[in-house]
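Please read it alongside the sequence and the coordinates shown here.

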Amino acid sequence: MAIRHTMQLLPAFIFALALVLMASAAATETIHLKFYMHDIVTGGPSSPATAVQVIKGVVPLANDPTTYFGDMYVVDDLLTEGPDAASPAVGRAQGFFQFASMTEYALLLTANFVFTAGSQNGSSVAVLSRDVIFDSVRELPIVGGTGGLRGATGYGLLRTHSVNTTTRNAVLKIDMYLRV
Ligand SMILES: *[C@@H]1O[C@H](CO)[C@@H](O)[C@H](O)[C@H]1NC(C)=O
Ligand SMILES: *[C@@H]1O[C@H](CO)[C@@H](O)[C@H](O)[C@H]1NC(C)=O
């Protein structure tokens, strides 16, 4: 009697299990965002500086060949769709970077990436990362998000698209892979 009862319930159980699995699959979505970041250290008439030094580290240190240890810049960098600063704006990267290694050119980069156009308009993600500036690819841990990206996790890949060694202005290419 008990066995027959269980057998009758089995199809309903499988159906319920399928629903649970479908719901958990739908709850996670991966979003790929690709954009460029304009780090303007030396401003000009048409492009004011957006990366501004606010702390000068104590140099020279005998054990600091970089001579930049402790230097900190606050940034409010434009984000655009393409590498050209005149291409459509998608947001701003607002935060700071600081030279945080005594032995190599490695930054602590902490910023909110605030989106002002496109599918993520009004949302932001928070990044807390180590940026070894001469590495070809740097990984950006995503530690959270707001709006449509609330609770986002995932990572970004940061690449130097171009840099002017005189002005130290750089265009950085960023791909983000977000799970919400
Ligand atoms: C982004 O959202 C704001 C607020 O809703 C709106 O005013 C603005 O026009 C939007 N921008 C774009 C480019 O869609
Ligand atoms: C770097 O910037 C300087 C000053 O704006 C400019 O004269 C020079 O042409 C730039 N170099 C490159 C390679 O774009």
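## Charged pairs, strands, rings and ligand

At 29% relative accessibility, Arg159 counts as partly exposed, where buried means under 20% relative accessible area, exposed over 50%, and partly exposed in between (1.4 Å probe, protein chains only). The side chains of Arg159 and Asp175 meet at 3.7 Å, N to O, a salt bridge being a side-chain nitrogen of Lys or Arg within 4 Å of a carboxyl oxygen of Asp or Glu. Because Arg159 lies in strand 8 (residues 153-163) and Asp175 in strand 9 (residues 170-179), the pair ties together parts that are 16 residues apart in sequence. Strands here are DSSP runs (E, at least two residues), numbered from the N terminus. Lys173 joins Arg159 and Asp175 in a network of salt bridges.

This is a predicted model, in which local features need pLDDT of at least 70 and side-chain atom pairs count only at pLDDT 80 or more, while totals for chains, interfaces and linings use all residues. Residues are numbered from 1 along each chain as its sequence is written, chains are lettered from A and ligands numbered from 1 in the order in which they are written, and side-chain values use heavy atoms, with hydrogens and water left out.

The structure holds six salt bridges, and the table lists three of them.

| Salt bridge | N to O distance |
|---|---|
| Lys56 and Asp71 | 3.0 Å |
| Asp131 and Arg138 | 2.8 Å |
| Arg159 and Asp175 | 3.7 Å |

Lys56 and Asp71 both sit in the loop between strand 2 (51-55) and strand 3 (72-80), 15 residues apart, and Asp71 is buried, with a relative accessible area of 1%. In the pair of Asp131 and Arg138, Asp131 is buried at 6% relative accessible area, and Arg138 is likewise buried, at 4%.

Arg138 also stands opposite Leu158 in strand 8. Strand 7 and strand 8 pair in the antiparallel sense over five bridges, where two strands pair if DSSP finds at least two bridges between them. In their hairpin, which has six residues between the strands, Gly147 takes a positive phi near 65 degrees. Strand 6 (residues 124-132) and strand 7 (residues 138-146) are antiparallel too, over four bridges, and form a hairpin with five residues between them; Val127 has Ile142 in strand 7 as its bridge partner.

The structure holds seven aromatic pairs, counted when rings of Phe, Tyr and Trp (its six-membered ring) have centres within 6.5 Å, with planes under 30 degrees apart called stacked, over 60 edge-to-face and the rest tilted. Tyr68 and Phe99 are stacked, 5.0 Å centre to centre with 25 degrees between the planes; Tyr68 belongs to the loop between strand 2 and strand 3, and Phe99 to strand 4 (residues 89-99), 31 residues apart. Tyr68 is partly exposed at 27%, whereas Phe99 is buried at 9%. Tyr105 and Phe134 form an edge-to-face pair, 5.4 Å centre to centre and 80 degrees between the planes. Ring pairs link Tyr68, Phe99, Tyr105 and Phe134 into a cluster.

Ligand 1 is surrounded by Thr116, Ala117 and Asn121, each with a heavy atom within 4 Å of the ligand. An oxygen atom of ligand 1 is 2.4 Å from an N or O atom in the side chain of Asn121.

Note on methods:
A polar contact is a pair of N or O atoms within 3.5 Å; within protein, one must be able to donate a hydrogen and the other to accept it, and residues adjacent in sequence count only if both atoms are side-chain atoms.
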